[in-house]
Amino acid sequence: MDTSKPSAAAYRNLVTATVGFTLTFWAWDLVAPLAGDYKDRLGLSSFQESLLVAVPVLVGSLGRIPVGALTDRYGARLMFPLMSALTIVPVLLLIPARDSYGLMLVVGFLLGLGGTTFAIGIPLVNSWFPPHKRGFALGVFGMGMGGVALSGYLTPRIAKHGYHVPFLVVAIALAGYAVLAALLITDRPGRPVPTATLGARLGRAGRLRVTWELSALYAIGFGGIVAFGVYLPTYLKSWYALSPTDAGTKAAGFALATVVFRPVGGWLSDRIHPAVVTSAALGGVALLAIVQAFDPPLYPGGTTALLLMGASLGTASGSVFALVSQVTPQPQVGSVTGIVGATGGLGGFVPPLVMGAIYSAKGSYSIGFMLLSDLALAGCVYAYARMRTSRPDEPGPREGPLVEAHGRAPAG
């Protein structure tokens, strides 16, 4: 096992990428904390409100596929500042779009750009850290999803000083970060650079069985985080009659639990097989979803169940990407990450729509939580029974060369 220590450059890239992931995730989640205001202002149904908060999730998720593959080809040094700068445009467009549901959907579509940076940071961090440190490093980078917690807590509070203020704050922060990223992010010397076309690389990644196994597990773990991140304020407001500010605060607490436990999942995966960690975490989600399906009082039952569920989902998300680094060929990490990350995000797109539709039809969320429990239990069993024996799938001999190395790659 490689026991080399990560370099100072590795930690510099990790910190810079994590900050960028946090800011772009805040931008990606700007609509959800204000969904109640949009619902009242535009007279939306529960389903329309759910669609409004879900559209950025869909686009940000699907966008990870090409962005991950482009990162394999052009590197994070170009892609991180570029995508951060492009995200400024839809953030500012949220200001004039507030009085039109159609325009909000269009801007929400563009806002999905903020969700694609995940597929930039994973291959960057993976390339800089030796295998025995990757689980923890990827978990630390994954803490950037705390941008959802920042959004849930800060966005409605900043909006009290003027509807447009949070969007201006985030736009300025993104502009500053884009400059910082251009100066501080560097691709690892000698990293393998693909020579095949974008379509060919995505096709090769798609033919790896492990890509779809990891996608399914991540759709449950990270998809659960995204789903709760965008829909929990609505759930708490509708079911527990909380004010928008209180609902946003409680949702931020849930998101914080997922953030704190994501590196825990990575750290455990450096010591225990990540498939075992994933299985245990998803088993916890299954049990806690059943508890919440019985509609416990918010204090202490509901709060405890939701926070523990957040911790379990965060742990699972960290361990799944530790598993990615173990079973994916290094030159294809970006492409596989894009597909896995997209599927995880799509896992967060569907539940808000389902929850909104169920609540509109039945006046209850219990069915939705039971469905989550079933999915988590299936993932728990599959991770333990199948993924413990997975190994990297290399391209077949007929597929030809995939990459060229620029310079000599250091060991590890």
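A pocket here is an open set of points on a 1 Å grid over the protein atoms alone, with protein on both sides within 12 Å along at least five of seven lines, and its lining residues have an atom within 4 Å of a point. Welcome to this predicted model, in which local features need pLDDT of at least 70, side-chain atom pairs count only at pLDDT 80 or more, and totals for chains, interfaces and linings use all residues. Residues are numbered from 1 along each chain as its sequence is written, and side-chain values use heavy atoms, with hydrogens and water left out.

**The largest pocket**

- The largest pocket holds about 400 Å³ of space, a volume being the space filled by probe spheres set on the grid points, which are joined across faces, edges and corners.
- It has 21 lining residues, and those closest to its centre are Ala227, Pro351, Gly368, Leu372 and Leu375.
- Helix 11 (209–239), helix 15 (333–362) and helix 16 (366–385) are the elements that each give two or more residues to this lining; helices (H or I, at least four residues) and strands (E, at least two) are DSSP runs, numbered from the N terminus.
- Helix 11 gives the most to the lining of the largest pocket, with nine residues.
- Sorted by class, this lining has 17 nonpolar, four polar and no charged residues. In this sorting, Ala, Val, Leu, Ile, Met, Phe, Trp, Tyr, Cys and Pro count as nonpolar, Asp, Glu, Lys and Arg as charged, and the others, Gly among them, as polar.

**The second largest pocket**

- About 280 Å³ of space lies in the second largest pocket.
- Of its 19 lining residues, Pro33, Leu34, Asp37, Pro156 and Pro244 are the closest to the centre.
- Two or more residues each come from helix 2 (35–42), helix 8 (147–159), helix 11 and helix 12 (244–269), and the largest share, four residues, comes from helix 2.
- The lining of the second largest pocket has 10 nonpolar, three polar and six charged residues.

**A nonpolar patch on the surface**

- Val89, Leu93, Val106, Phe109 and Leu110 form a nonpolar patch with about 420 Å² of accessible area together. Such a patch joins nonpolar side chains (Val, Leu, Ile, Met, Phe, Trp, Tyr) within 5 Å, from residues with over 30% relative accessible area and no salt bridge; the areas come from the Shrake-Rupley method with a 1.4 Å probe, and only the protein chains shown count as cover for residues.
- Helix 4 (76–93) and helix 5 (101–111) each give two or more residues to the patch, with helix 5 giving the most, three residues.
- Val89 sits in helix 4 and is partly exposed at 47% relative accessible area. Buried means under 20%, exposed over 50%, and partly exposed in between (1.4 Å probe, protein chains only).

**Salt bridges**

- The whole structure has five salt bridges, each with a side-chain nitrogen of Lys or Arg within 4 Å of a carboxyl oxygen of Asp or Glu.
- Lys39 and Glu49 meet in a salt bridge at 3.7 Å, N to O. Lys39 lies in helix 2 and Glu49 in helix 3 (residues 46–74), so the pair ties together parts that are 10 residues apart in sequence.
- Lys39 is partly exposed at 23%, whereas Glu49 is buried at 5%.
- Asp99 and Arg41 pair at 3.1 Å, N to O. Asp99 is in the loop between helix 4 and helix 5 and Arg41 is in helix 2, so this bridge ties together parts that are 58 residues apart in sequence.
- Asp37, Arg41 and Asp99 are linked in a network of salt bridges.
- Arg386 forms a salt bridge with Glu213, their closest N and O atoms being 2.5 Å apart. This pair links distant parts of the chain, with Arg386 in the loop between helix 16 and strand 2 (403–405) and Glu213 in helix 11, 173 residues apart.

**Backbone details**

- Most residues other than glycine have a negative phi, and most peptide bonds are trans.
- The peptide bond from Tyr299 to Pro300 is cis, with omega near -5°, and Pro300 is found in helix 14 (residues 298–327).
- Ala241 has a positive phi, near 55°, and lies in the loop between helix 11 and helix 12.
- Asp295 also has a positive phi, near 50°, and its place is in the loop between helix 13 (274–293) and helix 14.

Key: Patch = residues over 30% accessible without salt bridge, like charges linked within 9 Å, V, L, I, M, F, W, Y side chains within 5 Å. 1 Å grid on protein atoms, 1.4 Å probe; cavity = no way out; pocket = protein on both sides within 12 Å on 5 of 7 lines; lining within 4 Å.
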